[in-house]
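Try each task before you read its solution.

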Amino acid sequence: MAVQYLTEHYDDKDFVSLKGYKAKGGYKDLEKAFKLKPKEIIEMVKASGLRGRGGAGFPTGVKWSFLPDNGEERFLLCNADEGEPGTFKDRLMMEKAPHQLIEGMLISAFAINSKKSYIYIRGEYEYVAVILEKALKEAYDAGLLGKNILGSGFDHDMDVYRGAGAYICGEETGMISSLEGLKGQPKLKPPFPAIKGYLGKPTIVNNVETLAAVKYVIRDGVDAFRKYGTEKSAGTKLFSVSGDVQKPGNYEVPLGYPLKDLIEKECGGLLPGRKLKAVIPGGSSAPVLNAEEAYRATMDYECLAEMGSMLGSGAVIIIDDSNCMVDLLHVILHFYHHESCGQCTPCREGTGWIEKLSRKIVSGSGRLQDIDLLDKVAQNMKGRTICALSDAAALPTISFVAKFRDEFEFFVREGRSKVKGNIYAQSAH
Amino acid sequence: MALTEQGKEYVKKELDRYESRLSAIIPALYKVQEEKGWIAKEDIEELSRVMDLPASAIQEVATFYTMFNKKPTGKYHIQVCCNVTCAMKKGRELTDYILKKLDLEEGEVSNDGLFTVSRVECLGSCDTAPVLQVNFDYHENLDEKKVDLLLDQLRK
Ligand SMILES: Cc1cc2nc3c(=O)[nH]c(=O)nc-3n(C[C@H](O)[C@H](O)[C@H](O)COP(=O)(O)O)c2cc1C
Ligand code: SF4
Ligand code: FES
């Protein structure tokens with residue numbers, strides 16, 4: 001069953017305003033947090049098992065405790081770049097509940113003793129940035145931001161920063177470069193941002209959904225937060241479901257929820273007369289599942305990792321038997337090639353090469369060796385670069401070729417898609 | 001002249017808004033684009049003077065980000081998503097349709113100065129695929145009929 005935990009009041013039109021938000025108990029958890037010691041909050045977040053909702057699933061409280069204890073100024077950055085293909089949940093959260101994010105960020109900022117934060121939002125979400133700016137102004141006017149917030153003695157300023165169309169700025173160090181006014185190129189880690197981040201200062205980067213969830217850890221306490229989810233995947237998660245289902249959209253479910261139920265119960269099942277072929281469970285960077293795997297998967301970090309894929313950003317792309325996997329891989333590889341920032345040779349050259357190979361196959365002039373080469377080049381792109389974009393291109397490639405090899409071979413042998421009526425794949429582009 | 005007086009005021013304020021003056025480059029480029037639709041070499045030189053920052057730093061940022069138009073762009077920049085879900089929902093066919101209907105190549109400006117069409121990556125609206133943005137406005141669940149209507153409205 002879908003739950004309404006983080007999304008409880010999203011149907012309420014007034015929830016977007018400070019007044020409407022306060023009517024539902026908004027900013028009470030900030031008051032509650034101010035009565036705790038920052039260290040206690042960090043311990044609670046650790047104990048809650050909350051893991052990053054932006055892609056990597058790193059335990060949030062653990063990340064926070066990496067901050068050095070040296071009195072240096074600290075920054076909190078909210079990652080609202082939401083560029084992972086298939087993902088549209090942060091947009092919903094910010095559009096419906098900007099104050100929920102601001103409150104979550106304030107609690108987090110208090111916990112890590114940061115006096116300044118930014119919400120880095122992708123440029124295409126201009127109207128959402130406007131909603132956020134309006135909410136920030138309301139918060140400033142009400143003394144919820146600025147000096148001595150609610151008489152706590154805690155000062156904090158928050159601002160919105162717009163990106164300008166670069167997927168790589170969703171990678172945390174790319175985002176930091178971008179916010180610093182440079183090209184959004186990732187930086188070598190270590191040092192991790194918690195040690196040396198924005199302007200060389202200790203910096204915590206967290207996703208929108210992660211920061212909003214912090215509020216609920218404080219509101220309900222660790223045990224109540226853990227009522228949802230599994231031991232290793234605590235809480236609820238918003239999944240952005242798109243593709244070949246009756247009712248695509250954002251669905252909040254407890255982590256550990258069966259993917260089959262997500263498709264059939266929440267999304268109303270597949271389109272009439274169609275069969276499931278594949279599911280990309282965590283954004284286009286996540287290795288693809290075939291139908292058999294998809295039907296036994298549960299939506300948590302551990303199950304998807306065991307299946308060789310990942311929960312990623314929670315973008316679930318449902319692919320039925322009317323799609324050509326060779327064509328879809330080509331679309332994905334075109335994206336990664338376009339978005340590679342070009343700093344690392346394996347990524348720059350590799351994404352170009354595998355895109356070209358996939359184009360060759362999809363245009364009907366591929367050879368059998370090209371299929372193996374696609375896999376081989378991808379294998380060599382893994383784990384050798386500054387950021388994970390190279391892997392994000394390599395892993396889908398390897399999984400598409402391994403699980404749908406028959407479609408690749410058919411394309412090479414026959415010079416056309418195995419899927420009837422897949423016109424676009426056949427007309428070379 | 002790239003910027004209006006108002007635009008210049010805005011840019012100067014942005015310089016003090018962030019910890020580093022360089023962070024004002026993206027907002028400044030957005031301002032230029034808002035006022036004249038695209039960013040030319042002269043605009044970058046002028047920004048360099050107004051902001052007292054090296055033109056090379058501004059140039060680098062302008063080139064890195066795809067949302068900055070480095071060529072003249074129509075009044076309505078039609079950006080059609082051709083990423084995974086939109087591709088599954090015929091976003092690419094729709095792009096071809098729009099280009100054919102406007103008799104345009106991707107990235108060109110139509111003769112009346114109204115339109116430029118570009119293929120873009122996921123717009124974060126995959127549940128309503130196929131999707132496009134006209135400048136910053138979303139148009140969702142599209143088909144040829146809806147596109148016809150949209151183009152007619154924009155021409156008015
Ligand atoms: C290429 C690339 C793109 C990414 N894009 C995003 C993004 O759009 N949003 C996001 O929250 N995290 C993104 N991430 C993950 C971030 O680097 C980082 O792990 C995350 O923001 C941390 O927040 P969390 O721990 O709350 O998930 C991306 C990572 C990579 C390698
Ligand atoms: S892996 Fe690719 S995107 Fe990441 S830093 Fe290297 S070249 Fe840039
Ligand atoms: S794939 Fe087109 S909006 Fe996401």
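The exercises below concern a predicted model, and each task is followed by a worked solution.

**Exercise 1. Describe the contact between chain A and chain B by its residues and its buried area.**

Solution. Start with the residues that take part: 59 come from chain A and 39 from chain B. Next, turn to area. Between chain A and chain B about 3,800 Å² is buried, and carbon and sulfur atoms give 57% of this. Ala164(A), Lys183(A) and Tyr424(A) supply 17% of the area that chain A buries against chain B, more than any other three residues. As background, the size of an interface is often given as the accessible area lost when the parts come together.

**Exercise 2. Find which elements of chain A supply the side that touches chain B, and sort that side by residue class.**

Solution. Begin with the polar side of the contact: 21 residue pairs are in polar contact between chain A and chain B, with both residues at pLDDT 80 or more. Now list the elements. Those of chain A that each supply at least two residues of the touching side are strands β2 (116-121), β3 (157-162), β5 (236-243) and β11 (315-320), together with helices α7 (126-141), α8 (172-179) and α13 (325-339). Of these, α13(A) gives the largest share, eight residues. Finally, sort by class: the side of chain A that touches chain B has 29 nonpolar, 17 polar and 13 charged residues.

**Exercise 3. Count the salt bridges between chain A and chain B, and examine Lys116(A) with its partner.**

Solution. A reminder first: side chains of opposite charge can pair when their charged atoms come close. Four salt bridges are counted between chain A and chain B, while the count over all chains is 43. Lys116(A) pairs with Glu19(B), and their closest N and O atoms are 3.2 Å apart. To place this pair, note that Lys116(A) is in strand β2 of chain A, whereas Glu19(B) is in the loop between α1 (5-17) and α2 (25-36) of chain B. To judge exposure, recall that buried means under 20% relative accessible area. Lys116(A) has 13% relative accessibility, so Lys116(A) counts as buried. Glu19(B) has 36%, so Glu19(B) counts as partly exposed. A salt bridge also joins the side chains of Asp159(A) and Arg17(B), at 2.7 Å from N to O.

**Exercise 4. Work out the surroundings of Glu103(A): is Glu103(A) buried or exposed, and what does Glu103(A) touch?**

Solution. Locate the residue first: Glu103(A) is in helix α6 (residues 98-112) of chain A. Its relative accessibility is 0%, so Glu103(A) counts as buried. Leaving out residues up to four places away in sequence, Glu103(A) touches Tyr21(A), Gly26(A), Tyr27(A), Lys28(A), Asp29(A), Leu30(A) and Lys215(A). For one of these, Asp29(A), there is a polar detail: its backbone nitrogen lies 3.0 Å from a polar atom of the side chain of Glu103(A).

**Exercise 5. Summarise the fold of chain B.**

Solution. Count the elements: chain B has seven helices and four strands. Read from the N terminus on, they run α-α-α-α-β-α-α-β-β-β-α. For the extent of the chain, the C-alpha atoms fill a box of roughly 50 × 30 × 25 Å along the principal axes. Of the 156 residues in chain B, 57% are buried.

Methods: Residues are numbered from 1 along each chain as its sequence is written. Chains are lettered from A and ligands numbered from 1 in the order in which they are written. This is a predicted model: local features need pLDDT of at least 70, side-chain atom pairs count only at pLDDT 80 or more; totals for chains, interfaces and linings use all residues. Side-chain values use heavy atoms; hydrogens and water are left out. Contact means heavy atoms within 4.5 Å. Buried area is the accessible area (1.4 Å probe) that two parts lose on being put together, summed over both. A polar contact is a pair of N or O atoms within 3.5 Å; within protein, one must be able to donate a hydrogen and the other to accept it, and residues adjacent in sequence count only if both atoms are side-chain atoms. Ala, Val, Leu, Ile, Met, Phe, Trp, Tyr, Cys and Pro count as nonpolar, Asp, Glu, Lys and Arg as charged, and the others, Gly among them, as polar. Buried means under 20% relative accessible area, exposed over 50%, partly exposed in between (1.4 Å probe, protein chains only).
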